[in-house]
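User: Please examine the side-chain packing of this chain with me, taking one question at a time.

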Amino acid sequence: MKQLVRLFGAVFIIAIGLMYFTSYLNSSQGYSGANTLTIYNWGDYIDPDLIAEFEEETGLKVIYQTFDSNEAMMTKIEQGGTTFDISIPSEYAIDKMKAEGLLLPIDHSKIPNLGNIDPRFMNLSFDPENEYSIPYFWGTVGIIYNTELLEGRTFSSWNDLWSEDLRNQILLVDGAREVMGFGLNSLNYSLNDTEEAHLQEAKRKLGTLTPNIKAIVGDEIKMLLAGEEAAVGVVWSGDASEIMGENEKLDYVIPEEGSNLWFDNMVIPKTAKNIEGAHKFINFMLDPEVAARNTEYVGYSTPNAKALELLPEEISQDERFYPNPEMTSKLEVYKNLGKKMLSHYNELFLEFKMHRK
């Protein structure tokens with residue numbers, strides 16, 4: 001009996017020790033505590049120098065983790081095992097996270113730099129009054145193409161992708177909404193269409209694009225296009241800007257039928273431990289000089305009007321990345337179509353990818 005008591009005592013002591021060790025480890029990794037700020041963001045989506053400057057300015061230690069899709073990000077936050085103080089999801093994900101109670105409201109009084117944001121990018125349908133999110137970057141989906149490899153040809157329509165002389169020349173970004181979206185746009189349907197006949201028509205038309213598709217890829221699309229492994233790609237505008245910086249033979253266009261207008265906004269997940277620090281970070285990123293530097297580093301379009309004034313004209317006046325009102329009127333924000341319809345989009349996209357094999 002004494003041995004049993006001693007055994008239970010030893011187990012109890014070990015358990016307490018593990019609990020304290022885990023708590024210490026989590027704290028040292030930024031998962032808790034008022035002196036750390038854990039940020040969950042897309043890869044290569046902030047100038048690293050700005051993180052160091054924020055740490056120096058505030059005394060906070062930043063723990064930076066990345067995700068590669070909105071779905072992966074939402075799943076991790078839903079599970080709640082890791083504490084994140086800031087995340088940067090896309091607009092349809094923000095709509096969904098709001099509905100599922102995964103976000104904390106943002107105190108605008110703690111963000112004096114909020115007034116630097118262009119009013120066009122505030123109070124949008126996915127977050128009225130910006131109660132839960134603050135604009136970070138925005139952009140479009142379009143076609144990037146190598147004018148030299150294609151001997152000077154240009155693109156103006158999504159339907160140009162179906163040209164017979166582009167066999168095995170096109171790379172597509174691996175995204176259901178993006179690919180199904182341009183399939184729908186090519187038929188002059190909304191990229192938020194939910195009518196089954198239209199979705200099936202778009203999938204069938206995408207199937208006829210198969211001979212022209214070299215690969216459907218992720219982040220490596222930037223390296224492949226810059227390295228001239230393919231002549232054409234369907235990409236996000238920020239990726240296009242980065243690729244064009246690596247290879248001047250490439251150009252980017254938003255097709256005339258229209259495309260996606262997307263937003264990535266800063267949010268505070270419900271599991272945040274350093275809410276005060278989160279507000280400090282949001283305000284820091286909205287400083288005009290900080291936002292301008294971040295824009296030049298990342299390559300995406302800034303919603304910060306004051307930052308835009310600080311950027312070189314070759315950036316701020318470039319209608320490929322800051323489209324004029326006529327083109328902007330043809331762009332659509334992804335709507336949260338609900339779990340069932342989003343799953344259906346993913347199924348159709350998977351069927352399209354399987355058809356290629």
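User: Over the ring of which residue does the charged end of R153 sit, and how far from its centre?
Analyst: This is a predicted model, in which local features need pLDDT of at least 70 and side-chain atom pairs count only at pLDDT 80 or more, while totals for chains, interfaces and linings use all residues. Residues are numbered from 1 along each chain as its sequence is written, and side-chain values use heavy atoms, with hydrogens and water left out. A charge sits over a ring if NZ of Lys or CZ of Arg is within 6 Å of the ring centre and within 35 degrees of the ring normal. The charged end of R153 is placed in this way over F155, at 4.9 Å from the ring centre.

User: Which ring lies under the charged end of K205?
Analyst: The charged end of K205 is 4.8 Å from the centre of the ring it sits over, that of W162.
S186 touches both K205 and W162, contact meaning heavy atoms within 4.5 Å. The ring under K205 is that of W162.

User: Is S186 buried or exposed?
Analyst: S186 belongs to helix α5 (residues 176-186); helices (H or I, at least four residues) and strands (E, at least two) are DSSP runs, numbered from the N terminus. Buried means under 20% relative accessible area, exposed over 50%, and partly exposed in between (1.4 Å probe, protein chains only). With a relative accessible area of 5%, S186 is therefore buried.

User: Which residues touch the most other members of the largest nonpolar core?
Analyst: A nonpolar core is a set of buried Ala, Val, Leu, Ile, Met, Phe, Trp, Tyr and Cys residues joined through side-chain atoms within 4.5 Å. The largest one has 108 residues, and strand β5 (residues 134-146) gives the most to it, with eight residues. Beyond four places in sequence, the contacts of L161 include F182 and V232. The residues touching the most other members are L161, F182 and V232.

User: What is the angle between the planes of Y40 and F84?
Analyst: Rings of Phe, Tyr and Trp (its six-membered ring) pair if their centres lie within 6.5 Å; planes under 30 degrees apart count as stacked, over 60 as edge-to-face and the rest as tilted. Y40 and F84 form a stacked pair, 4.1 Å centre to centre. Y40 lies in strand β1 (residues 36-42) and F84 in the loop between α3 (70-79) and β3 (86-87), so the pair ties together parts 44 residues apart in sequence. The angle between the planes is 5°.
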